[in-house]
Amino acid sequence: MSSIQAALLAIDSFIWGPPLLILLVGTGIYLTARLGLLQVLRLPLALRLVFGRDQGQGKAGDVSSFAALCTALSATIGTGNIVGVATAIKLGGPGALFWMWMAAFFGMATKYAECLLAVKYRVTDANGQMAGGPMYYLERGLGSRPLAKLFALFGIGVAFFGIGTFPQVNAISDAMTLSFAVPREATAVVLTLLVGLVTLGGIRSISSVSSKAVPFMALFYIVSCLGVLVANASALPDAVSLVLTSAFTGQAATGGFVGAGVMLAIQSGVARGVFSNESGLGSAPIAAAAAKTDSCVEQGLVSMTGTFFDTIIICTMTGLTLVVTGVWSGDLSGAAMTSAAFAQGLNPHVGQYLVSIGLLFFAFTTILGWNYYGERCTEYLFGVKAIKPYRLTYLALVASGAFLHLDLIWLLADIVNGLMAVPNLIGLIGLRHVVVAETRAFFARRDSAEPEGETQTA
């Protein structure tokens, strides 16, 4: 078994190594240039669309644009925002946070493009629901059904065995046991019932819960981080300076010569940033396709704010909290490091509970979001008749997740998660001219004060 695990570790390191990271970030850089810094110049418009009153009344789709964004955020704002940031800074030092910002900055352009394409090429399924995502723009836009099927297969794998179930369920059960002394059996029963009640209702039920839970959990966590930062306000300027300088000089907690420190900072920061906000992986477009909108450009703008909220805001809060308290250079790692930061910055007892509550909300909503992603991939491959069996299988995996500690399965899931990005990025590169044309046409009409619309609607 150890030889198998070693082989999988090697594969995982290769998939999440320089080739994929360069492809992910390179795609973002290219789209940023072709779209004229859209993620900066059009961010105010994107935020107005997110919080505006017009949420798709009378337009084709299943849920509002805001609800679609919250569904996507429910899957991306997860344990990675607490554990992933700590892991990146532990490996690459404070400079890893800077490279997370870079991944997010260019990732916003990628997220815009993939969610624009999701709405443009979406279809209505046999149940009357909107279906879209990389599967559909790979088939209908790029004309490659094999790549579309490959993406859907990887998506189901990640939903069943990776991000969607086992790591999240384990995070919840561990938090409930350690902080509140709740038995794993009780956690498994209650969690399965809650997930079942929400997910069996489909996208409308999932988006309804996400629309309420995501803003609350994000605000709760940000306020908690701000409490630590305010308490350590005098150390904040030095912390920011350390993040910026060590991004280029290297200052990893694990030591090593300077060159290795810089490379570790870049690789861990970019990898964890992409893993957290999922820009380019192709998951968020599946939720975006359900939005009530007649404009693929507008939905692309709304969706790109997800990367802004996830990484630029929430991951930054975690990262600065770890740096100002100094826990990043200690012996702790993962959730324990973040708990120590809150305990040191606020109160030893309160800090532990804040992190545990944050993990509970983050992990639960990730389970909901990935249930929907896997369902849409299943429907694409096998039709609507397979949706009910998929949901029941998903619930069974949630129920068993509290008792499993299968590093091998999590490693496989990490590999499949990385593989999801490959067909999606091929689609983005192949359809880049469509993205640029739609964007230019939309803003040309908007800037000339003509009615907002598109050259082609979904």
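Residues are numbered from 1 along each chain as its sequence is written, and side-chain values use heavy atoms, with hydrogens and water left out. Because the model is predicted, local features need pLDDT of at least 70 and side-chain atom pairs count only at pLDDT 80 or more, whereas totals for chains, interfaces and linings use all residues.

**Exercise 1. Determine where R376 lies, whether R376 is buried or exposed, and which side chains R376 meets in polar contacts.**

Step 1. R376 belongs to helix α18, residues 348–382. Helices (H or I, at least four residues) and strands (E, at least two) are DSSP runs numbered from the N terminus.

Step 2. The relative accessibility of R376 is 1%, so R376 counts as buried. Buried means under 20% relative accessible area, exposed means over 50%, and partly exposed lies in between, for a 1.4 Å probe and protein chains only.

Step 3. The side chain of R376 is joined to that of D125 by a polar contact of 3.0 Å, and to the side chain of E375 by one of 3.5 Å. A polar contact is a pair of N or O atoms within 3.5 Å; within protein, one must be able to donate a hydrogen and the other to accept it, and residues adjacent in sequence count only if both atoms are side-chain atoms.

Step 4. With residues up to four places away in sequence not counted, R376 touches D125, Q129, M130, A131, M135, I286 and I387. Contact means heavy atoms within 4.5 Å.

**Exercise 2. Describe how helix α10 packs against α18.**

Step 1. Two packed helices are described by the angle between their axes and the distance between the axes. Axes are lines fitted to C-alpha atoms, for helices over the stretch in contact, and angles run from 0 to 180 degrees between N-to-C directions.

Step 2. For α10 (residues 166–180) and α18, the axes come within 9 Å and cross at roughly 155°.

Step 3. The two helices α10 and α18 are therefore roughly antiparallel. Angles under 35 degrees count as roughly parallel, over 145 as roughly antiparallel, 65 to 115 as roughly perpendicular and the rest as oblique.

Step 4. On the α10 side the contact includes I172, A175 and M176, and on the α18 side it includes I357, L360 and F364. By class, the residues of the contact of α10 with α18 are 13 nonpolar, five polar and no charged. Here Ala, Val, Leu, Ile, Met, Phe, Trp, Tyr, Cys and Pro count as nonpolar, Asp, Glu, Lys and Arg as charged, and the others, Gly among them, as polar.

**Exercise 3. Characterise the packing of helix α8 with α18.**

Step 1. Helix α8 (residues 134–141) and α18 pack at about 35°, with axes 10 Å apart.

Step 2. M135, Y136 and E139 of α8 make the contact with R376, C377, E379 and Y380 of α18. The classes in the contact of α8 with α18 are four nonpolar, no polar and three charged.

**Exercise 4. Compare A181 and E278: what is the phi of each, and is each buried or exposed?**

Step 1. Most residues other than glycine have a negative phi, and most peptide bonds are trans.

Step 2. A181, in the loop between α10 and α11 (184–199), has a positive phi near 55°. At 63% relative accessibility, A181 counts as exposed.

Step 3. E278, in the loop between α14 (258–277) and α15 (284–288), has a positive phi of about 60° although it is not a glycine. At 1% relative accessibility, E278 counts as buried.

Step 4. E278 and G107 are 171 residues apart in sequence and 8.4 Å apart in space, C-alpha to C-alpha. G107 lies in helix α7 (residues 95–120) and is buried, with a relative accessible area of 6%.
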